[in-house]
Amino acid sequence: MEFDVAVLGAGPAGYTAAIRAAQLGARAVCIEKEPELGGTCLRVGCIPTKAWVQTAHSLHAAREIDPRLGVVAGEPSLDFGQANEWKNAVVKQMTSGIASLFKANGVTAFEGTGRFEDARSIVFEGKDTGITFTSAIVATGSYPVRPPIRGINSPRCVDSTGLLAQTEIPKRLVVLGGGIIGCEFASIFERFGSDVTIIEMLESLIPQEDTDASSELRKAFAKRGIVVHLGKECTQINDTGSGLDVRFGDGESVECDLMLVSVGRAPLVEGIGLEQAGVDFDPKKGIATDGHRRTSVPHIYAAGDVAGYWQLAHTSFREGEIAAENALGHEVEIGEPAVPRPIYTDPEIAGVGLTEAQARELHGDTVAVGRFPWVANARAVMQGETTGWVKTIHETAYGELLGVVMVGPHATDLIEAAVVALDAEATIETVADGMTAHPTLSEAFKEAGLVALERVIHLPPRRKTTSV
Ligand code: FAD
């Protein structure tokens, strides 16, 4: 069969690309090896983890209900079987939603493991069917990396997909890798009742994030009893038959029932016939593309984790759109959009633009920050969620906003105001002088802007050092 646009992989990048191509009038086909559409994100990533986050959040809210609010509730408990049913139901609803969208848009979906035969055709393994195409979009995503540590092949060492498949809560969970995925699961499982230990090789949790945010998370985790070992490498894992004995650092060890291995993901570039198609790639960095998402073969594009630096669903969505439009003769570049960095721990973290350290490296002494704590925000106080703050980062020559970082309630939703501000190249005055509904959590963004300009109303003035 012949198609205008063939997409390999139906994750956020692939399904978006296929739908966008069909919207533009193309005969579009999407080939996916799993029976359900939606990729890592919908099946074993964003969606099921956040369904668990919601269970963890509700459990915590029920446990911590403040009697001063006047609500009297019984002792809550976790029904993990029901929580898993809920998680699976949410996943099912989302994945079948993509199948309906394919139908509604006229996208042809084929199930099968696809591989480029050459630069004009894809074959599906196990079937004698193949397709030819005018343009193709590679969107095969990524896979979890397994570091070469002695003993890591024990069935008690699972990746994120393995952890999501658990039907019982481990009494003791070790999380290897304190990045986003590791910290999100640590946060969830501590709420579910596990004793959680994180072992991270670098000196901070979520090392790529703003250091104030990482420190705030570490403090919050310590309060919750999550043990964090930073700057420690895992050296060996022994399966004792009833659990794991995990060795790390300088002769230290910890015992656990299950270990999550979350040390990063690598682009899925092997075994998909990129060589036969003539597409250049690097096993670690993925497929090289230009701003149009075009690979070394001009009519073949790549989008999402397989070609991306970000490894996020929302960057994959946008890249999928861009690849499809360019495949059909448009001239669209990804440019440098503001990319939100959501982290669904408790407390939540979200950042966009530069971190404070990156801003200082680029702009030196002309960087100013404003930090507004949730404890001074009425809505956060009512909700009893006063951990954290909102921080604005700007340069003082023109007042341009460079970045925003938030730690605390609904940070992953609230960050959108900052995304729009950065995309609009807003100044710190725009942030500080604008109006926000009262009383809302959104006010903290404006207030951080006011702090940055030393005009804050709802905090006492910073103490000035007086010279005599
Ligand atoms: P994928 O979603 O991986 O999709 C690729 C698809 O290609 C898969 O369905 C795969 O089966 C298919 N495929 C591969 N090879 C072939 C082949 N040869 N033939 C046919 N099909 C093939 N991101 C966020 O933005 N927010 C989050 O909260 C978030 N949480 C996450 C939590 C976890 C536990 C994980 C693992 C990831 C999370 N991510 C999150 C990252 C996000 O899931 C990915 O960035 C996103 O799914 C990438 O989309 P993609 O389309 O590039 O690849």
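This is a predicted model: local features need pLDDT of at least 70, side-chain atom pairs count only at pLDDT 80 or more; totals for chains, interfaces and linings use all residues.
Two strands pair if DSSP finds at least two bridges between them. Keep that in mind for the sheet part of this talk.

Let's start with the pairing. Strand 21 and strand 24, residues 401-407, run antiparallel to each other and share five bridges. Within that pair, Val352 sits opposite Val404 of strand 24.

Strand 21 has another partner. Strand 20, residues 341-343, joins strand 21 through three bridges, again antiparallel. Look at Arg341: its bridge partner in strand 21 is Gly351. The link between strand 20 and strand 21 is a hairpin of five residues.

So how enclosed is strand 21, residues 349-353? Five of its five residues are buried, so the strand is largely enclosed by the rest of the structure. Buried here takes 20 or more other C-beta atoms within 10 Å of the residue's own.

The peptide bond joining Asp346 and Pro347 is cis, with omega about 5°. There is a second case. His438 and Pro439 are also linked by a cis bond, with omega near -5°. Pro439 belongs to the loop between helix 13, residues 428-433, and helix 14, residues 443-452.

As background, most residues other than glycine have a negative phi, and most peptide bonds are trans.

His410 has a phi near 55° and is not a glycine. Find His410 in the loop that runs between strand 24 and helix 12, residues 411-423. Glu425 also has a phi near 55°. Glu425 lies in the loop between helix 12 and helix 13.

Are these two buried or exposed? His410 is partly exposed, because 17 other C-beta atoms lie within 10 Å. Glu425 is exposed, because its count within 10 Å is 11.

Next, the ligand. Which residues come closest to it? They are Gly9, Gly11, Gly39, Gly141 and Gly304, out of 38 residues that surround the ligand. By class, that shell holds 16 nonpolar, 17 polar and five charged residues. Several elements supply at least two shell residues each, among them helix 1 (12-23), strand 2 (28-32) and strand 4 (113-118).

Which of its residues are buried? They are Cys46, Pro48, Thr49, Ala51, Trp52, Val53, Thr55 and Ala56. Their cover includes helix 2 and helix 9, along with helix 4 (80-105), helix 5 (160-164) and helix 6 (180-192).

Last, step back to the whole protein. The secondary structure comes to 14 helices and 24 strands. The radius of gyration is 24 Å, close to the 23 Å that the globule rule gives for 468 residues, so the protein is as compact as a globular protein of that length. Along the principal axes, the C-alpha atoms fill a box of roughly 80 × 60 × 45 Å. Of the 468 residues, 46% count as buried. Take the contacts between residues at least 6 apart in sequence: 65% of them join residues at least 24 apart.

Technical notes: Residues are numbered from 1 along each chain as its sequence is written. A residue is near a molecule or strand if its C-beta atom, placed from the backbone, lies within 6 Å of it. Helices (H or I, at least four residues) and strands (E, at least two) are DSSP runs, numbered from the N terminus. Ala, Val, Leu, Ile, Met, Phe, Trp, Tyr, Cys and Pro count as nonpolar, Asp, Glu, Lys and Arg as charged, and the others, Gly among them, as polar. A residue is buried if 20 or more other C-beta atoms lie within 10 Å of its own, exposed if 12 or fewer, and partly exposed in between; C-beta atoms are placed from the backbone. The radius of gyration is taken over C-alpha atoms; the globule rule is 2.2 Å times the number of residues to the power 0.38. Two residues are in contact if their C-beta atoms, placed from the backbone, lie within 7 Å.
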